[in-house]
Amino acid sequence: MSLYLLRRLGQSLILLVLVSLIGFALIHLAPGGPLAQFTLTPGMSSADLARIAHQMGLDRPLPVQYWEWFRRLLIGDWGLSYRDNQPVLAVIGSHVPATLELMISSTLIAVLIGTWVGVLGALRRYSIFDYLATIGAMIALSLPTFWFGLVVIYAFSVKLGWLPAGGMYTVGDGSLLDYAHHLIGPAMVLALVTVAIWSRYMRSSMLEVTSQDFVRTATAKGLPRRVVIIRHALRNALLPMITLMGLQLPTLLGGALVTETIFTWPGMGRLFLDSIGYRDYPVVMGLLMFTALLVLIGNLTADMLYALYDPRIRLD
Amino acid sequence: MAQAAAKPPSKPTGQVIIGLSQEPTVFNPLMPHIEVDQGVHWNVFTPLWNVNAQGQFVPQLATEVPTIGNGGISEDGLEWRVKLRSGVVWHDGTPFSADDVKFTLELINNPHFRAYTRNGHEQVTDIKVVSPTEITWRMKKSYAPYASILSWTFIVPQHILGKADDPNTAPFNNAPVGTGPFKWSERMPGDHITLVANEHFFGTGPYLERVVFHYVPDLTALFTQFQTGAVDYTGIQGITADHYNEAVKLPGRNVTAGPSGTCESITMNLTHPALRDLAVRQALYYAMDKKSIIDAIYYGLPKPTETFLPSQSWAYNPDLPKQVYDVAKAKQILDAAGWKPGAGGIREKGGVKLSFINSTTAGNHVREQAQELLQQSWKEIGADMQIKNMPAAVIWGDYYNMSKYDSVMVGQNEMTGPDPDVTIYYSSKATMAKGGSGQNTMEYDNPKVDELLAQGATTLEQSKRIPIYRELQSVIRQDLPMLPIFQYARIEGTKKGLMGYEPSVYVQANSWNVGQWYWAT
């Protein structure tokens, strides 16, 4: 087991270095740079821009800039944001709570509802419920989030006044109730798509399991239907979901760009987009490495949990 | 109206939530920043003097603005003497003094410090602190725009930044201490910044207890929050033109289409084989349907212009010839200049086609519509304009700075605060593609213009500068290196009852005077 872990660790490190190289090359291939935002600023001349570029070390050859960044990363220095000069980890860290709040709540809602809808759909295959659930899933998957989000705000905030028009909390308030009130809109919109996906996965997984021999055996033995479904079928149907959960980890901390923009939610998705737009290289690289780490950890955790849960699997 | 008579409260009361579609991230006012950042700087810091909406200097940390008339500036423009206000304290209670002014000016010129501009400041030497309330220095050469540059130069505290290991990354930059009407309270990165009233502010106000700058990246979401009242004022980038008609009908809201210092133009690269011909530029200008662009695409909100200065500037020339939309005249000019219709209706002369590319920021739908209109209008006279747009980070990088374009549709504020000095935009020495230093990306070269620019920059009396700049605008209007279209209108909304809001072309953000805002009860 420990040999397995060591091997995975080694693979992960090589992958991370590769990701950083490719990421670095790609963002520098994109034309423009961190100083492009100042071109039209009144009062800043091109002489000023050239001087600042030199002061920031942006005129050094790219391999030198990469090595500087990599060397610092090795000793734990993720660099400073070009925009507010804050340490990159602090910048990323400051967006984590908001992101987790939104992603965890929406994922929880989505998983709970999605599982229930999927299981029921599988058990009552081709019933009205199943058809409605299928069509509902298709609609939910096709709805563009930016449109749906605005519709929700328009209906529930502007017209009905039930929900706030965006933001994470009301300045001056800050109570738990206030936070929850602001969370409803974005969490529901985000959950909608995930519910659709989960319910489909759950349904097909459940269908596959219920057609297996051991389920027929359990029923033949005279076990109550509820026990067959929950103790035997569902347990096995959840197996592929574990892998999916693990793959969800980077999404949990990656945020949801469109929802965050529409609902003015200060999450990681927006941070990523803003950093790229402003060519804030240290933060972009930091986010890249962060996400890559999460993907690797997520995969590893999923594999280990799977092995724990399913005695047929042996990791080696 | 009862509201107009409402007086400000005796104690700072209430709060204002300002919605911004870009996030302020730079809080050291001397470092590279964009407009939204300046909107915050105006409230936390103060310059020696600022400019009011009428373009007049108003002393702030100084007791009077130095001029030749009051002896603050010597006859030759080289010796400056500034008298400072006494009794001013920094937000942390430390008294302000001339040492802070000396420190600020020296920091800007410090080779290790990433000052956003050294324009003007690099002329300053021999700074002497005569007393805590008096400072003198010498300019290496007389530079008229310097008073304007100082109106945008916020003074920073020596007792904090002077002790920092590296002023570029000092903790001060994220917890600034200034002398302005509001103190720094907190920042949630990516979300908002909160300022609270400075009870010891030396000037009038502040009348608000708290100001919140809230980052709302989506303009539709910003408008919605304005509608529901979640934001009290839509700052940069305000309300889009297509929402204007809806916005003015909102109950309990005031919508202002205020003037902006930014002017929109088609800026041309004068080395382009077709565009280098004055006749071509004149013809293109005659064939520009400005009225349709302004009325149909921009909802009639901006004002047509013939120059690069806003009409509110003291140097604005109101007598420039007005553009006329005359397609027949345009064709006439081209025929007379030898541009004959060739293949596909596109004119040619000496083997050169009247064909060029026009670029602007991709994703700017309104500009794209304007481009399409121009494309059609110019096709009529036999000019082929091709549209090639790119993201902001691309087009306003080397493509623009190194004159790689044929023509661009650009909005620019070419003033320096209230000063009309546009040397970096029109001087023949300001073309980077030719090894110069500046923003003359058009590669425009007119010795008369160079002469006028030099005169304007070294003449200190405003009354003497006016005729110089009027002539400058006249020459540029004749040469048409850029085709001026309109002066921007900034459409911004405030909640009814919010007093004190005053749009100004002399600042980059209309939150410059939040220290004077209050709620009429």
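Reader: I'm new to this one, so where do I start: how do α5(A) and helix α7 of chain A pack?

Author: In this predicted model, α5(A) and helix α7 of chain A, which covers residues 176-210, pack with their axes 8 Å apart and at an angle of about 135°. Angles over 145 degrees would count as roughly antiparallel and those from 65 to 115 as roughly perpendicular, and α5(A) and α7(A) are therefore oblique to each other.

Reader: And which hand does the crossing of α5(A) and α7(A) have, left or right?

Author: The crossing of α5(A) and α7(A) is left-handed. On the α5(A) side the contact is made by A:Ala133, A:Ala137, A:Ala140 and A:Leu141, while α7(A) brings A:Leu192, A:Val193, A:Val195, A:Ala196, A:Ser199 and A:Arg200.

Reader: What does that contact of α5(A) with α7(A) look like by class?

Author: Sorted by class, the contact of α5(A) with α7(A) holds 8 nonpolar residues, together with 1 polar and 1 charged.

Reader: OK, and what about α4(A), at what angle does it pack with α5?

Author: α4(A) packs with helix α5, residues 128-142 of chain A, at an angle of about 135°, and the axes of the two lie 8 Å apart. That angle makes α4(A) oblique to α5(A), and the crossing of α4(A) and α5(A) is left-handed.

Reader: Which residues of α4(A) and α5(A) meet there?

Author: From α4(A) there are A:Val117, A:Leu120 and A:Gly121, and they meet A:Phe129, A:Asp130 and A:Ala133 of α5(A). By class, this contact of α4(A) with α5(A) has 4 nonpolar residues, 1 polar and 1 charged.

Reader: Switching topic, how many residues of chain A are in contact with chain B?

Author: On the chain A side 47 residues take part, and they are in contact with 51 residues of chain B. Helices α2 (46-55), α4 (88-123), α6 (145-159), α11 (257-262) and α12 (268-277) of chain A each supply at least two residues of the side that touches chain B, and α2(A) gives the most, with 5 residues.

Reader: How do the residues on that side of chain A divide into nonpolar, polar and charged?

Author: The side of chain A that touches chain B divides into 21 nonpolar, 20 polar and 6 charged residues.

Reader: What share of chain B is buried?

Author: Buried residues make up 51% of the 521 residues in chain B.

Key. Residues numbered from 1 in each chain as written. Chains lettered and ligands numbered in written order. Predicted model: local features only at pLDDT ≥ 70, side-chain atom pairs only at ≥ 80, totals over all residues. Contact = placed C-beta atoms within 7 Å. Helix = DSSP H or I, 4+ residues; strand = E, 2+ residues; numbered from the N terminus. Nonpolar A, V, L, I, M, F, W, Y, C, P; charged D, E, K, R; others polar. Axes fitted to C-alpha atoms, helices over the stretch in contact; angles between N-to-C directions. Parallel < 35°, antiparallel > 145°, perpendicular 65-115°, else oblique. Left-handed = near helix turned anticlockwise from the far one by under 90°. Buried ≥ 20, exposed ≤ 12 C-beta atoms within 10 Å, placed from the backbone.
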